[in-house]
Amino acid sequence: MLRIEFRIRPAGISSKLFDLEEQIKSIEVDNALPVTNNAVFLFLTVQFDADISEESLSDQLPGIEIIDISKTEMNPHTYYFGMISDLSDASILTLLTENQAIPHRLVAQNAHLDVIASVRDWNHLKDVADTVENKHGSLELVGTTQTESIGFPLGGNKIKQSMSGKLSDKQLEVLETAYRMGYFKVPQEVTAEEIASELDISRSTLSERLRRVEHNFCALLFGPQK
Amino acid sequence: MTTIIILKSIEKKSTVKEILNSVVDPDEMIYFLRLPPVRCLGPLIQNINPMIEYGVEYSIDCLSEGYETSDLVEFAVDVGADRICIEISNRTVTGKARIDDLTESILLHDRISGDFVVGDHVIVLEELEYEA
């Protein structure tokens, strides 16, 4: 099985949200569940440039029923959305699942949509890429890795969902990079300096963010400090 | 078996050695394929010494400036390549092998298919089949 990462132009709900008057930094699709009459429940995490009002968004999104908006605890101007939308607003997800590819992550930012999905093999990759390119007019393969298991499909990572909002984006980025590069392995496969260099931050900033992550993990496990 | 090793630089001696050690078998035919702007593979191949150290036959070939992926596929068809090895030049932040333009165009090319294996330093396309 292959895990692939590819990039396309924003489509569906991400394209509509980028057209809002409010400036958006990023949109992550957390989950999507089908509803009758070609509709879909969409659950999103959206980071704006400034605080927003539900009324203004609803006015600008005809045909989309916003059922819930809540602000995250840690990241500024970042909101969880629950909405009922037309199935076409989840077109990339539909394309992936119709072609039996397993979606893992969809994040839109900087005028592109990054997608991580699992496919069976090379031929399956070609089929999926061909379908997506025909439908969306663009596709750039970014990365790939071999994997034995499908991992967490979109919406399936309960731990991550529990932690979402408890860690800031920068803390998550530090944690994920450190983990991916082997910082937590014994023996360590990478030094703190190398991770700091990868992230283009100082060694002390890296250390501070990792300690905040550890603190937040402990707070979640053991409750707040007295 | 016939293997093409695509070389996009002359600094990947360890990658070539990994391929010769763990991917190809002795007595295979290896085509070291130099891509522009790489100019000369002689010193690299001499240093690795494929015939003596790994027991393989080899040839050094190149694609001309302005080559297209179809030229590479044509070369693979001409030599009857069962396998193509492409070095992984770097990785994404999440640890995936980064796919450059060349690798993408080979992977998505209509005429070539087979198995796809991602190693530590190399992407191996094997059991290749070619459309007419």
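An open sheet of nine strands runs in the order E4(A)-E5(A)-E3(A)-E2(A)-E6(A)-E7(A)-E1(A)-E8(A)-E5(B), with antiparallel pairing. Strand E4 (65–71) of chain A and strand E5 (97–98) of chain B stand at the edges with a single partner strand each, so one side of each has no neighbour in the sheet. This is a predicted model, in which local features need pLDDT of at least 70 and side-chain atom pairs count only at pLDDT 80 or more, while totals for chains, interfaces and linings use all residues. Residues are numbered from 1 along each chain as its sequence is written, and chains are lettered from A in the order in which they are written.

**Terms**
- Helices (H or I, at least four residues) and strands (E, at least two) are DSSP runs, numbered from the N terminus.
- Two strands pair if DSSP finds at least two bridges between them.

**Where the strands of the two chains meet**
- Strand E8 (residues 140–146) of chain A is joined to E5(B) by two bridges, and the two run antiparallel.
- A:Gly143 has B:Arg98 as its bridge partner, and A:Thr144 has B:Ala97.

**The contact between the chains**
- Chain A and chain B each bring 17 residues to the contact (C-beta atoms, placed from the backbone, within 7 Å).
- On the side of chain A that touches chain B, E1, H4, E8 and helix H6 (169–180) each supply at least two residues.
- E8(A) gives the most to that side, with six residues.

**Domains of chain A**
- Chain A is divided into domain 1 (2–146) and domain 2 (166–222), with bounds from an automatic or database domain assignment.
- The centres of these two domains, taken over C-alpha atoms, are 27 Å apart.

Key
Two residues are in contact if their C-beta atoms, placed from the backbone, lie within 7 Å.
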